[in-house]
Amino acid sequence: MLSCLTLAVSCDGAEVTTAAGLAVDGQPHPVQQAFLDHDAFQCGYCTPGQICSAIGMLDEFGNGWPSHVSPDLTANPELTDMELAERMSGNLCRCGAYANIVPALRQAAGEAP
Ligand code: FES
C-alpha cells in the first residue's frame with residue numbers, strides 16, 4: 001500500500017511492515033539483498049518504496065495474478081521486462097536506476113543471474 005495515500009485509522013488492528021522492518025536479525029530481506037548486490041539505487045530516495053513494492057509485486061506474481069499487460073489472464077504470467085515495468089510502474093526513480101533495479105528484481109524472483 002502507498003502509505004502517503006493510506007489513512008492511519010484504516011490500518012487499525014492490521015500488521016504493518018515498513019522498509020525498516022524487513023531485515024531479520026540484522027540480515028537483509030532477499031529483495032534488499034538483491035538491491036545491494038546489483039547496486040540498484042543512486043540517491044536512495046525511491047529505494048524503500050521500490051523494495052516494499054517489489055516484495056508485494058513478487059508475492060502477487062508468485063500467486064499467478066495477471067497484470068494490465070498480461071497477454072492471457074488465465075495463464076500463469078511470465079516475468080517479462082514488460083510485466084516488470086507494468087507491475088512496478090507506481091514507483092518512479094528520478095535517478096533512472098532501472099538498469100540495475102530490473103536485474104535486482106529478477107534475482108529476487110529467484111532467476112539465475
Ligand atoms: S535512486 Fe534516486 S530516485 Fe531512485
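## The second largest pocket

In this predicted model, the lining of the second largest pocket splits into two nonpolar, six polar and four charged residues. The space inside comes to about 160 Å³. Around it sit Ser53, Gly56, Met57, Asp59, Glu60, Asn63, Trp65, Glu86, Arg87, Ser89, Gly90 and Asn91. Two elements, α2 (47–62) and α3 (81–87), each give two or more residues to that lining. Helix α2 has the largest share, with five residues.

## The largest pocket

Now for the largest pocket, which holds about 800 Å³ of space. It is lined by 25 residues, and those closest to its centre are Met1, Leu2, Ser3, Thr17 and Cys52. Sorted by class, this lining has 15 nonpolar, nine polar and one charged residues.

## Helix α1 and what packs on it

Which residues of α1 are buried? They are Val31, Gln32, Ala34 and Phe35. Look down the axis of α1 and these buried residues fall within an arc of 160 degrees, so they line one face of the helix. The cover over the buried residues of α1 includes α2 and α4.

## Helix α4

Helix α4 runs over residues 98–108, and its buried residues are Ile101, Ala104, Leu105 and Arg106. So what covers them? The cover for the buried residues of α4 includes α1 (30–37), α2 and α3. After α4 comes glycine 110, with a positive phi near 90 degrees.

Most residues other than glycine have a negative phi. Aspartate 25 is not a glycine, yet its phi is positive, at about 50 degrees. Where does aspartate 25 lie? You'll find it in the segment before α1. Aspartate 25 is exposed, with a relative accessible area of 76%.

Aspartate 39 is the other one: not a glycine either, and with a positive phi of about 50 degrees. Is aspartate 39 buried, partly exposed or exposed? Its relative accessibility is 45%, so it counts as partly exposed, given that a residue needs over 50% to be called exposed.

Technical notes
Residues are numbered from 1 along each chain as its sequence is written. This is a predicted model: local features need pLDDT of at least 70, side-chain atom pairs count only at pLDDT 80 or more; totals for chains, interfaces and linings use all residues. Side-chain values use heavy atoms; hydrogens and water are left out. On a 1 Å grid over the protein atoms alone, a cavity is a set of points where a 1.4 Å probe fits but cannot get out, and a pocket is an open set with protein on both sides within 12 Å along at least five of seven lines; lining residues have an atom within 4 Å of a point. Grid points are joined across faces, edges and corners, and a volume is the space filled by probe spheres set on the points. Ala, Val, Leu, Ile, Met, Phe, Trp, Tyr, Cys and Pro count as nonpolar, Asp, Glu, Lys and Arg as charged, and the others, Gly among them, as polar. Helices (H or I, at least four residues) and strands (E, at least two) are DSSP runs, numbered from the N terminus. Buried means under 20% relative accessible area, exposed over 50%, partly exposed in between (1.4 Å probe, protein chains only). Contact means heavy atoms within 4.5 Å. The arc is that of the directions from the helix axis to the C-beta atoms.
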